[in-house]
Amino acid sequence: QDKDRKMTEFWLISAPGEKTCQQTWEKLHAATTKNNNLSTNSKFNIPDLKVGTLDVLVGLSDELAKLDAFVESVVKKVAQYMADVLEDSKDKVQENLLANGGKMLTVIYLSFEIKNSFKNYSSSLDAVPFLFIFKGVNQIDNDLKARASAYNNLKGNLQNLERKNAGSLLTRSLADIVKKEDFVLDSEYLVTLLVIVPKLNYNDWVKQYETLAEMVVPRSSNVLFEDQDSYLCNVTLFRKAVDDFKHKAREYKFMVRDFQYNEEEMKADKEEMNRLSTDKKKQFGPLVRWLKVNFSEAFIAWIHVKALRVFVESVLRYGLPVNFQAMLLQPNKKTMKKLREVLYDLYKHLDSSAAAIIDATVDIPGLNLSQQEYYPYVYYKIDCNLLEFK
């Protein structure tokens, strides 16, 4: 478990190309791995996109921040609902959250996936289809709401019926407990009552039930069922003595249950239970498959947005021509603080050049509301710990 926790956070950073971008990569890799292994690193290849004006980039930066938050929220919703649906198998959730056919937390596919799928986009940043990403993820969000609502209703109705079949003898369904032969039916004068008798008071019941009211049929009581605390007994008496019997029984803590034997109703209850249970089983498999596929889609869309953000912020920070290396770091949990220090030492010289490129009135990327921390390099966290187990 701890190992998994360590695996759930990635830092997506970029730094300007030195003589070459390869050199930037080698320098970072050496600094974070030479003495002690501070992080596992890989290059994060973002294709060159055409850059418009500074105004356009600043606008894109804001749009992307909003899109990032939205897509992340959908990714988390799908993951969390997967955990809800798998109920008792929460340990299997992570293995079901596969992005693009590989473990979510293995990162190699990320770079290749980004590289290949950018071919679908126009090569001009002005035309990056935010709408395309937003529409796709919004569709997943809406479908999730509809599917979750249908499945939750089914589950809720089934749970209500199961509760009815499992509660105390005063309230639970008796469909599986009582039989036709336990009752005197279709008699003008006689009626059979069901009485819940606490186990501690059972001897009193046996001694007294025949005398609790007039016109109780002798030896007409049997134990039909028992739970931890009580017995369910039947007793037959004349209809006109029922009120008197109920009143007297209550004094001795014998509770007469309001129940009329109705074969059709009980049969309908059983059938409903079977139908709901079958429906739930039928929907479970397709729902889990849908969640897996759409988790993958939403997760990849999320990484696309991160890639676009890195591109835009890197151009805003480091200027033109486009010359930066994006890198994906998986920090070692125990040495995160040390990793921050190493990165600061590597890139603190960028602060002055960043100030020269960006007009002071422009929001510095990294200081917007969605990202409180500021570092001299472009930095985004990809937090893959998507589940909040209660």
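Predicted model: local features only at pLDDT ≥ 70, side-chain atom pairs only at ≥ 80, totals over all residues.
Residues are numbered from 1 along each chain as its sequence is written, and side-chain values use heavy atoms, with hydrogens and water left out.

A salt bridge requires a side-chain nitrogen of Lys or Arg within 4 Å of a carboxyl oxygen of Asp or Glu; for charge, Lys and Arg count as positive and Asp and Glu as negative, with His and the chain ends not counted. Asp 182 sits in the loop between helix H6 (130-164) and strand S5 (190-198); helices (H or I, at least four residues) and strands (E, at least two) are DSSP runs numbered from the N terminus. Beyond its neighbours within four places in sequence, Asp 182 touches Ile 177, Thr 192, Leu 224 and Asn 234, where contact means heavy atoms within 4.5 Å.

Elsewhere, the model holds 17 salt bridges. One of them pairs Asp 141 with Lys 77, with the closest N and O atoms 2.9 Å apart. Asp 141 belongs to helix H6 and Lys 77 to helix H3 (residues 54-86), so this pair ties together parts 64 residues apart in sequence. Asp 141 is buried, at 5% relative accessible area, whereas Lys 77 is partly exposed at 36%. Asp 141 also meets Lys 145 in a salt bridge (3.5 Å, N to O); these two residues both lie in helix H6, four residues apart, about one turn of the helix. Lys 145 is partly exposed, with 49% relative accessibility. Salt bridges with shared partners also link Asp 68, Lys 306 and Arg 309 into one network.

Turning to the surface, Gln 228 occupies the loop between strand S6 (222-226) and strand S7 (230-238) and is exposed, with a relative accessible area of 73%. Gln 228 and Pro 198 are 30 residues apart in sequence, and their C-alpha atoms are 9.5 Å apart in space. Met 215, in the loop between helix H7 (202-208) and S6, is partly exposed at 35% relative accessibility.

Notes:
Buried < 20%, exposed > 50% of the residue type's maximum accessible area, 1.4 Å probe, protein only.
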